[in-house]
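The structure is shown first, and the description follows.

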Amino acid sequence: MKITVLCTDHRHPVNSYLRHWQKEMQAQGHEVELAHDVTGLKGGEILFLVSCSRVIQKAERAQYKAVLVLHASSLPKGRGWSPHIWAILEGACEVEVCLLAAEDPVDSGDVWLRQTFQLEGHELFPESNETLFLTELSLMTQAVERTTEIKPEAQQGTPGPLLRRRIPEDSRIDPHKTIAEQFDLLRVADPIRYPAFMDFRGKRYWIKIEKAPK
């Protein structure tokens, strides 16, 4: 099977997981290409969109038999950007990940597969990421192995408002609030691309947290 995986951010932490998955699939005889730009898409059986910030147009999708998006929310609720981050900030400890067909409008396509993962409320950004990424890879593997068996289902229910894209300002910490009040914000901030920060006494400070060794 000819497979393309598109992640538009070459700095995204999911890339190392995708490279490992690529090797596993190639060992099974599949042709797998990792791409970071739509201009390099060459067509094939499946195009997976993983942490893809660009909307793939219909003409681009037509190059593949299936174009599938990984989305971490219980669709149709949670359409939009960074759904699992917004969910964690709201106190969620269970996150559902959907594998769905890429359609217009965004996140409205039929769902191929759903899988949930659990969080305990202490996980820092790399830990929650690992759980999310492994769930996404599991769904991708199932899609490859069970392509002819899966029966996509239309989304049912009211989507609610579209989640907005997170920006660096969303990682701002208020020095006048307690750590406890802002702990979830600290633990979902990307320490490399979008670190938590605060402005205090005329200076800006990056804030990074890590767990003490056991």
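## Strand pairing

In this predicted model, strands E1 and E2 run parallel and are joined by five bridges. Within this pair, Thr4 stands opposite Glu33 in E2.

E1 and E2 belong to an open sheet of six strands, ordered E2-E1-E3-E4-E5-E6, with mixed pairing. Strand E2 (31-35) and E6 are the edge strands, each pairing on one side only. On average, neighbouring strands of the sheet are turned by 20° against each other, direction ignored. Strands of a sheet pair through backbone hydrogen bonds, either parallel or antiparallel.

## Helices across the sheet

Two helices are described here. H1 lies across E1, E2 and E3, and runs at about 165° to E2. H4 lies across E1, E3, E4, E5 and E6, and its angle to E6 is about 150°.

In soluble globular proteins, nonpolar side chains tend to be buried together. The largest nonpolar core of this model has 34 residues, and those with the most contacts inside it are Val5, Trp21, Phe48, Leu99 and Met140. Among the elements that give two or more residues to this core are helix H1 (14-27), strand E3 (44-49), strand E5 (94-101) and helix H4 (125-145). The largest share, seven residues, comes from H4.

A second, separate core has 16 residues, including Leu6, Leu47, Val67 and Val69.

## Surroundings of Trp21

Which residues is Trp21 in contact with, leaving aside its neighbours within four places in sequence? They are Ile3, Val5, Val32, Phe48, Leu137, Met140, Thr141 and Val144.

How values were computed:
Residues are numbered from 1 along each chain as its sequence is written. This is a predicted model: local features need pLDDT of at least 70, side-chain atom pairs count only at pLDDT 80 or more; totals for chains, interfaces and linings use all residues. Side-chain values use heavy atoms; hydrogens and water are left out. A nonpolar core is a set of buried Ala, Val, Leu, Ile, Met, Phe, Trp, Tyr and Cys residues joined through side-chain atoms within 4.5 Å. Buried means under 20% relative accessible area, exposed over 50%, partly exposed in between (1.4 Å probe, protein chains only). Helices (H or I, at least four residues) and strands (E, at least two) are DSSP runs, numbered from the N terminus. Contact means heavy atoms within 4.5 Å. Two strands pair if DSSP finds at least two bridges between them. Axes are lines fitted to C-alpha atoms, for helices over the stretch in contact, and angles run from 0 to 180 degrees between N-to-C directions.
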